Amino acid sequence: MVRSTLLNSMTETDHSVQIRQLNYFFGQADLRKQVLFDINLDLPKGQIVIMTGPSGSGKTTLLTLIGALRTVQSGSLKVLNHELVGMRKADLVEVRRNIGFIFQAHNLFESLTASQNVEMAIELLNEWGNKRSKAVDVLTQLGLADRVDYKPAALSGGQKQRVAIARALVNHPALILADEPTAALDKKSGREVVTLMQKLAQQEGRTILMVTHDNRILDVADRIITLVDGRLETDETLDNFVEAHDPKALDRRMFIM
Amino acid sequence: MKTPLAWLNLTYEKTRLLVAIAGVAFAVILVFMNLGFLGSLAKAASMIYTRIDAEVYLVSPQTLEISSTKAFPIERLYQAAGIRGVERVMPLYAGYLQWRNPETRGTRAIFAFGINPDDPVFLVPEIQSPANQAALRRPDTALMDRLSRPEFGTQTVGLITEVDRRKITVGGQYTLGGGFAADGTLLMSDQNFRRYFAPFPLSLISLGLIKLQPGVDPAQIVAAIDQVLPADVMVLTRDQIIQRERDYWISTTSTGFIFGMGVIVSCIVGVVIVYQILYTDISDHMKQYATLKAIGYRSGFLFWIVVQEAIILAVLGYIPGFAISLGLYELTLNATGGGLPIGMEWGRAINVLLLAIIMCSISALISVRKVVVADPAEVF
Ligand SMILES: Nc1ncnc2c1ncn2[C@@H]1O[C@H](COP(=O)(O)OP(=O)(O)OP(=O)(O)O)[C@@H](O)[C@H]1O
Ligand SMILES: [Mg+2]
């Protein structure tokens, strides 16, 4: 209750995401199964939020709801000032264009070069003239200046993931949703990818919501939320989170390395 | 410019692209061959009439096509001669004879035309040559078509053999072609014709040929003659008699049906091959397509990508299919010694291209469902 009064005191426009009493069910009739229970969550602009929790707790589901990838019928789900509850699928598509998605798998077209894969996202805005230079710019920022005309088959896993991130960031989305973006990467490239996301987000004041099981990257977060069995269990700043958990396993210094 | 996703996706998998092109080309060739045969049938049916110097024709209503004419009284032709605008009337006698191959002694049906040697019936100048004219007037002598099949044996001038157990001498040669009904043709005088077809009274004719004065409208003359003549003959313009003959070959015989079926089956083969290719392509790119949906592309865009792929396949397959068909037409033409007038026509070339596009689009419509219903939430 204390928390919700605190949230209400903020003005609407300060938030990228505002969730009230959100419940979500999979399946119909007898097979109907609730996976999210009474979620209340606000993501202020510019915040980097990491979501953790056990497998099957509903993290991906919540991410797809915020990402306007599923229709919702009850509660309130405001994303970038659009109320998604009750919205038609055709309108959800519009909302999605303002969100950057980073998936666990890179999902790049093998037949397109790195630049062309990124350009596919730019074309959504009907920008044709400078799309190539925009794509090259963002790829350069992600350290792929010499790889813009390579096809995914000729890129390493980390490079492919960075192309996928470039595709998610190129349109400067106000909200970035990432589901285990480092899962397929080794420690070093995973670290690189997250640092890049953090840098770009901070420069441009983007909100990032990232699901991860990867303890090594928790330090980029301003805030860590934990989902257990479909309920929002904890919602803390990074320092609180580290203190509350086993200090041996989650040594603060480890994140700084 | 838009990223040419459809093109890049198709060309990325080279082997698959080649298989698809081969599949479309195969279907296109089958369609071209079937339509080619059908077209040559129609052309063969009309060919003889384009070589006869007459604009209006009298035939018995029981006559289906030129090789199975029913005779009618020659008076009808004389009656028509009195109509204003008619320049000349000419009788034509026609029927099959058994030709004996001088080498093998075997017999084979040959088609014989009988004409009055004074009538310039055919638009074939060599028939009017003095040597041929003299030969036409000799008894038991006929001119032989160079396009007659080799199975008739040696066909040199001066050759003597038998038709229907009567002696015959090849007095000269001409080039005409017998179309679908005849493997070979002979041209002889009406007097010789009567002897070979005895008993055949010259007062009955197979076909009445009417040449009009220059500038006279055939349709008007047809109407005028029709008024005068009783119902035992039909009066037709050249176009009408050609159409009648075509209808016979294409509709009355099952030839048209068979080739039509051939076209349909070829198209189905094409649809199945292209469907397989597109379906595999879509399945392979499901994650990517779902990602495009997730980042804000609409289903219509993906639908359009698949249709584009289909059209590209249609065009890429059509090009070799067209080229190979041209070669096969040439081959058929040579193999039949020009007897099967098969050849490419602009209209057909364009129609088959459209057909290939429609064919591939149908495949696209069947396979595209998968991508349209793809759930973007599933990519996470
Ligand atoms: N399409 C679906 N239909 C039915 N049930 C589903 C569907 N997707 C997920 N679920 C169920 O919903 C629950 C939450 O799944 P979700 O994928 O959100 O978990 P998660 O927290 O992302 O797990 P993980 O960490 O393993 O990715 C699970 O019990 C899962 O079985
Ligand atoms: Mg998950």
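1. The contact between the chains draws on 26 residues from chain B and 31 residues from chain A. The model is a predicted one, and every value below should be read accordingly. The size of an interface is often given as the accessible area lost when the parts come together. Here chain B and chain A bury about 2,700 Å² between them, and carbon and sulfur atoms account for 63% of that area.

2. Which residues form the salt bridge between A and B? The partners are A:E94 and B:R298, whose closest N and O atoms are 2.8 Å apart. The rule finds 1 salt bridge across the interface of chain B and chain A. Polar contact, by contrast, is found for 11 residue pairs across this interface, with both residues of each pair at pLDDT 80 or more.

3. On the side of chain B that touches chain A, helix 1 (5–12) and helix 9 (286–294) of chain B each supply at least two residues. The largest share, 7 residues, comes from helix 9 of chain B. By class, the residues on this side of chain B comprise 14 nonpolar, 6 polar and 6 charged.

4. Helix 9 of chain B also has a partner within its own chain. Two packed helices are described by the angle between their axes and the distance between the axes. For helix 8 (residues 255–284) and helix 9 of chain B, the angle is about 65° and the axes are 4 Å apart. Helix 8 of chain B contributes B:D281, B:I282, B:S283 and B:D284 to the contact, while helix 9 of chain B contributes B:M286, B:Q288 and B:Y289. This contact has 3 nonpolar, 2 polar and 2 charged residues.

5. Chain A holds an open sheet of 4 strands in the order 2-1-4-5, with antiparallel pairing. Its edge strands are strand 2 (33–44) and strand 5 (82–83) of chain A, each of which pairs on one side only. Strand 4 (residues 76–79) and strand 5 of chain A are paired in the antiparallel sense over 2 bridges, and A:K78 stands opposite A:E83 of strand 5 of chain A.

6. A further open sheet in chain A is formed by 6 strands in the order 6-7-8-3-9-10, and its pairing is mixed. Strand 6 (99–102) and strand 10 (231–237) of chain A are at the edges with a single partner strand each, so one side of each has no neighbour in the sheet. On average, neighbouring strands of this sheet are turned by 15° against each other, direction ignored. Strand 3 (residues 48–52) and strand 9 (residues 223–228) of chain A run parallel and are joined by 4 bridges; A:V49 stands opposite A:R223 in strand 9 of chain A.

7. Where does helix 2 of chain A pack on the sheet of point 6? Helix 2 of chain A touches strand 3, strand 6, strand 7 (175–179), strand 8 (207–211) and strand 9 of chain A, and its direction makes about 155° with that of strand 7 of chain A. Helix 2 (residues 59–66) of chain A also lies across strand 1 (15–26), strand 2 and strand 4 of chain A, running at about 125° to strand 1 of chain A.

8. Two backbone details deserve a reader's attention. Most residues other than glycine have a negative phi, and most peptide bonds are trans. A:D38, which is not a glycine, has a positive phi of about 40° and is found in strand 2 of chain A. In chain B, the peptide bond from B:A198 to B:P199 is cis, with omega near 0°. B:P199 is placed in the loop between helix 5 (190–196) and strand 9 (204–205) of chain B.

How values were computed: Residues are numbered from 1 along each chain as its sequence is written. Chains are lettered from A and ligands numbered from 1 in the order in which they are written. This is a predicted model: local features need pLDDT of at least 70, side-chain atom pairs count only at pLDDT 80 or more; totals for chains, interfaces and linings use all residues. Side-chain values use heavy atoms; hydrogens and water are left out. Two strands pair if DSSP finds at least two bridges between them. Contact means heavy atoms within 4.5 Å. Axes are lines fitted to C-alpha atoms, for helices over the stretch in contact, and angles run from 0 to 180 degrees between N-to-C directions. Buried area is the accessible area (1.4 Å probe) that two parts lose on being put together, summed over both. A salt bridge is a side-chain nitrogen of Lys or Arg within 4 Å of a carboxyl oxygen of Asp or Glu. A polar contact is a pair of N or O atoms within 3.5 Å; within protein, one must be able to donate a hydrogen and the other to accept it, and residues adjacent in sequence count only if both atoms are side-chain atoms. Ala, Val, Leu, Ile, Met, Phe, Trp, Tyr, Cys and Pro count as nonpolar, Asp, Glu, Lys and Arg as charged, and the others, Gly among them, as polar.
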